[in-house]
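Please open the structure in a viewer and keep the selection panel at hand.

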Amino acid sequence: MKGEYKTKPRNAIIEYLRENPDTRFTARDIYSAINAEGDNLDRSTIYRNLERLCKEGQLIKYKETDVHATCYQYSEGHGSCHEHMHAQCSSCGKIFHIDNDILDEAAQKMKSEYGISIDYGKTVIMCKCEDCKDK
């Protein structure tokens with residue numbers, strides 16, 4: 001990618017996110033995990049790199065009310081995560097990419113009955129995944 005910075009901190013962040021593609025993280029989570037591995041990155045470096053990765057389309061950035069922080073998820077292997085919905089397990093935090101076709105009928109009904117349009121890329125449906133549903 002043109003103008004892409006390839007620094008050691010950026011590579012450490014990307015490597016960590018690639019190892020955990022179906023999980024959402026706060027900047028604090030990423031800071032703690034990377035520094036626990038001995039890389040000693042400062043918070044401003046983490047935030048600066050996260051913002052660049054969002055602009056480049058490699059991360060999803062969204063706000064969760066129960067976390068009271070901005071959350072990030074690696075999205076490089078999923079095409080444009082801004083164009084489809086996600087579901088997140090409320091127990092383990094795993095994120096699932098949902099095909100819009102599954103929800104198109106509901107979206108059309110919301111539009112006709114309530115006059116609202118779903119912003120697919122910012123919509124997260126809370127759920128329980130198969131692994132957590134019986135716990």
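**Before selecting**

This is a predicted model, in which local features need pLDDT of at least 70 and side-chain atom pairs count only at pLDDT 80 or more, while totals for chains, interfaces and linings use all residues. Residues are numbered from 1 along each chain as its sequence is written, and side-chain values use heavy atoms, with hydrogens and water left out.

**Select the whole chain**

Colour by secondary structure: the chain has 4 helices and 6 strands, where helices (H or I, at least four residues) and strands (E, at least two) are DSSP runs numbered from the N terminus. Read from the N terminus on, the order is α-β-α-α-β-β-β-β-α-β.

Switch to a surface display. The accessible surface of the chain is about 8,500 Å², and 48% of this belongs to carbon and sulfur atoms; the areas come from the Shrake-Rupley method with a 1.4 Å probe, and for residues only the protein chains shown count as cover. Of the 135 residues, 36% are buried. Here buried means under 20% relative accessible area, exposed over 50%, and partly exposed in between (1.4 Å probe, protein chains only).

Contacts (heavy atoms within 4.5 Å) can be examined next. Among those between residues at least 6 apart in sequence, 52% join residues at least 24 apart.

**Select residues 100-114**

This is helix H4, which has a kink of about 30 degrees centred on alanine 106. The bend at a residue is the angle between axes fitted to the seven residues ending there and the seven starting there. Which residues of H4 are buried? They are Asn100, Leu103 and Ala107. Just after H4, glycine 115 takes a positive phi of about 70 degrees.

**Select the cavity lining**

The structure holds 1 cavity of 30 Å³ or more. A cavity is a set of points, on a 1 Å grid over the protein atoms alone, where a 1.4 Å probe fits but cannot get out; lining residues have an atom within 4 Å of a point. The largest cavity has a volume of about 30 Å³, a volume being the space filled by probe spheres set on the points, with grid points joined across faces, edges and corners.

Select Ile60, Tyr62, Gln73, His86, Ile95 and Val124, which line the largest cavity. This lining comprises 4 nonpolar residues, 2 polar and no charged. Ala, Val, Leu, Ile, Met, Phe, Trp, Tyr, Cys and Pro count as nonpolar, Asp, Glu, Lys and Arg as charged, and the others, Gly among them, as polar.

Asparagine 35 lies in helix H2 (residues 27-36). Is asparagine 35 buried or exposed? Asparagine 35 is buried, because its relative accessible area is 17%. Leaving aside residues up to four places away in sequence, asparagine 35 touches Asn40 and Leu41.

Aspartate 29 is also placed in helix H2, and is partly exposed with a relative accessible area of 33%.

**Select lysine 128**

Lysine 128 lies in the segment after E6 and is partly exposed, at 47% relative accessible area. Not counting residues up to four places away in sequence, lysine 128 touches Cys89, Ser90, Ser91 and Lys133. From lysine 128 to lysine 94 the C-alpha to C-alpha distance is 9.3 Å, across 34 residues in sequence.

Technical notes. On a 1 Å grid over the protein atoms alone, a cavity is a set of points where a 1.4 Å probe fits but cannot get out, and a pocket is an open set with protein on both sides within 12 Å along at least five of seven lines; lining residues have an atom within 4 Å of a point.
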